[in-house]
Amino acid sequence: MTAERFDPATADSRWQRIWDERQCFRADDASTKPRSFVLEMFPYPSGRIHIGHVRNYTMGDVLARYKRMRGYEVLHPMGWDAFGMPAENAAMEKGVHPGGWTRDNIANMKAQLKRLGFALDWSRELATCEPEYYGHEQSLFLDLYAAGLVYRKESAVNWDPVDMTVLANEQVIDGRGWRSGALVEKRKLSQWFLRITDFADELLEGLSSLDTWPEKVRLMQENWIGKSQGLRAKFHFVDSEDGIEVFTTRPDTLFGASFVAIAADHPFAQGMAANLPELAAFIAECKRGGTTAAELETADKLGFNTGYTVEHPLKKSRHLPVYVANFVLMDYGTGAVFGCPAHDQRDLDFARKYDLPVTRVVAEGDDTASRFDGDEAYSGPGRIVNSEWLDGMTIAEAKAAVIARAQHDGWGTAETQYRLRDWGVSRQRYWGTPIPFIHCEICGIVPVPKKQLPVVLPEDVSFDVPGNPLLRHPTWKHVDCPQCGKPATRETDTLDTFVDSSWYFLRFASQPADRPFDPEEIKRWLPVEQYIGGIEHAILHLLYARFWTRALARIGKIDVKEPFASLFTQGMVTHETYSRIDSANGQPVFFSPQEVERGGEAATLKVDGAPVEIGRVIKMSKSKKNVVDPDEIVATYGADAIRWFMLSDSPPERDLPWSEAGIEGCARFVQRQWRLFGQYDAHASGEDKALDRKRDQTVHAVAQDIESLGFNKAVARIYELTSATEKAAPSASRSAAIKALLLLVAPMMPHLAEEAFARFGEGLAAEALWPAVDPALLVDDEVTVAVQVKGKLRDTLTVAKGMPKDELEKLALASDKVQRAIDGAEVKKVIVVPDRLVNIVA
RNA sequence: GCGGACGUGGCGGAAUGGUAGACGCAGGGGACUUAAAAUCCCUUGAGCUUGCUCGUGCGGGUUCGAGUCCCGCCGUCCGUACCA
């Protein structure tokens, strides 16, 4: 006799304990089974598990459990991306130590994850903030340095002149420091860089092998790398051997050039500024503002006419003015461009502002006039015009012709450029991996000897003043130079946290104490079969992880080139917002879902019963208070209900709107399944062919859906089979369908499945195999064929599968409905798609 | 600014170029009950003349046939190199 209701409050933790005790989800390195490495992006330990994490890890969990049922040895690990700014912010705001804060958060979040019943191998847990992890990272960083892939150069940061500290882009709000409110400026610092540009071509070409990655992610990475063929050309100063080298991807428009613009930090600009105070002032002006691309690109186009002119390389008599301009980036190309305003929007904006000539050199349709009106540049296709010997060529022909001429005459060369820049990894912050170098006045930059690793962060630091505590720590940075033994100082910058997440998957697969990993073990587990995480990581994290893997392969540390064989980017969890306008200041005040009573069309505040405004459905965020706490949901409805919700309805790559009604529906479905599982009768007899067919078709389709991560479709099919099974009369077939259903939902609702399966006396559902299907049952013997007249549906026919075309046509024409629709007109054509449709064109 | 995606009933969505709206939620009606909860059954795109018309953000196009392919718009979201 089964209990009437499934009680997650007692069952969830009981099964979680049993899985733990039996070490059900421990990955066996020595296993002879085929292997599967399922990985979700590890979380930042912010304090509480966010519902977005639940969605991410539920998807991975279903796949991991499913793979196990299909006979794979599964590696499904979890860890913590534990360095980063929020810990330092907490230290400043609450006076807690970043380490203590982070480790407490990890303990809390780990307990939360356990309550959700994820099939994780906790024996491999790691946190990037522990020396046992980052010490190995320092060692790998030194290896990359030895291979010439690490170097130092100057680079700009956001500088807060009041707090005298470097700001992250996130800490710059409307051009001002978030704490001081001071106008932010750019400041140059000497920083550490990784030579990712050495891998630009490899990373680009590697994308084509990642055919199970989303097309959009590959495209975004391709555009980010931004390979372009162009011309590097020298524009000589008038009557001088000196000149300015520019890079252009549009050499075809060279005759349309009307000015040359160089970056504010271009050596020529810097040199001229020494004798030209107005230019020095302009360059200082360019230092205002932050360093983000969006900010640089949308800033007003500003220029300074240096008074110098250069010769047009194709027509020495034409002289072009040289401007210093804020929209030219020293980091890209040569830090100098020629402006062709008619065919580049930025150049046009600039030309209109400074009243420079605008000449059309690419025909726009029939328009070949050299005069160019309006404020919209033309960047489309067309023949070259107003360009002497280039006239009449296509853009591609003209590009080749100009490059050929430049090479022949010696003023330019064909060049491949990348938009991708080297990766600056220095951060002027405490809570990160110390960069293992020592600055010695005599020996220069000296790597920390490997036997002195890890370089451990000091614990005794203070956050009472802004800036990097490592810099003002009384003793930590003072060391003797490993080379000459004289007093020297440690590097006080720490590594970008993206470095920590660029190799953690390797450490999951293999974690010896004395080295970062064992290459043989890496070979057995990598690449990750399925990686799942947010689309926000489409470019940076995923590109950096690909780069580290290739860099480590290049220096012979591992034998894998691409870390993630398959990638899936899931959508966010969203929720509507509730607010009222505060009459005092006109600003909205937000309320959490717990404070609000939600009716059909309206919502009221529980405390006063008066209405609140229902806002748009947006990403859950603390500031909008539209968050729900996974822990509370688990306590109210159980882990399986929230897991089921995460998989239902929305396709996993799209946003999932949270709703109270939805989670209640899921909790009801858990009970509905429980009642059905309770009706299992191992001794029932009798056959139900239709149900057998439905069962095997569902098992087959759900397997395919899980493998392609189409969880919402799998869920819909499970609903259908559930309804069909409930309606069926008792039979052996019905019992088989119930058992199959139980195993289908086992990866999704594992606690319910265990509780029910225990009564079958066949061991643990977590160790059960996926139900087998009879291929003969997968094909239907009857099909429904649509009958259209001129593309509009008029009738349907139920016929034997595989009926020949001419018979289908005859049957379709015999239909009353079809004859009425034809209405005596002549039948001109009949299209027959066997087993699907007949379309009559009359 | 640049790069990428998305847009289908009241809502989330389904649909190898071939019957638009599977499945779920919400709503309406009913059964059971002293009552409620739970459960079960029926019903639900719009319009009208009840067997027809219109319907997949907007405007064009290709096709026997378009939610799906092409061109041009509009709107929303994500990334933009120091948030993770």
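Reader: Which exposed residues sit on the face of α18 turned away from its buried side?
Author: Ala-635 and Thr-636. Bear in mind that this is a predicted model.

Reader: And which residues of α18 are buried?
Author: Helix α18 covers residues 630–637, and its buried residues are Pro-630, Asp-631, Ile-633, Val-634 and Tyr-637. They fall within an arc of 160 degrees seen down the axis, so they line one face of α18.

Reader: Why would residues a few places apart end up on one side?
Author: An α-helix makes a turn every 3.6 residues, so residues three or four places apart point the same way.

Reader: Switching to charges. How many salt bridges are there in the whole structure?
Author: A search finds 48.

Reader: What does Arg-554 pair with?
Author: Glu-202, at 3.0 Å from N to O. Arg-554 is in helix α17 and Glu-202 in helix α6, 352 residues apart.

Reader: Is Arg-546 buried or exposed?
Author: Buried, because its relative accessible area is 0%. Arg-546 forms a salt bridge with Glu-562, with the closest N and O atoms 2.8 Å apart. Glu-562 also counts as buried, at 11% relative accessibility.

Reader: Last one. Where is Lys-828?
Author: In the loop between α26 and β34.

Methods. Residues numbered from 1 in each chain as written. Chains lettered and ligands numbered in written order. Predicted model: local features only at pLDDT ≥ 70, side-chain atom pairs only at ≥ 80, totals over all residues. Heavy atoms only, no water. Helix = DSSP H or I, 4+ residues; strand = E, 2+ residues; numbered from the N terminus. Buried < 20%, exposed > 50% of the residue type's maximum accessible area, 1.4 Å probe, protein only. Arc of directions from axis to C-beta. Salt bridge = Lys/Arg side-chain N within 4 Å of Asp/Glu carboxyl O.
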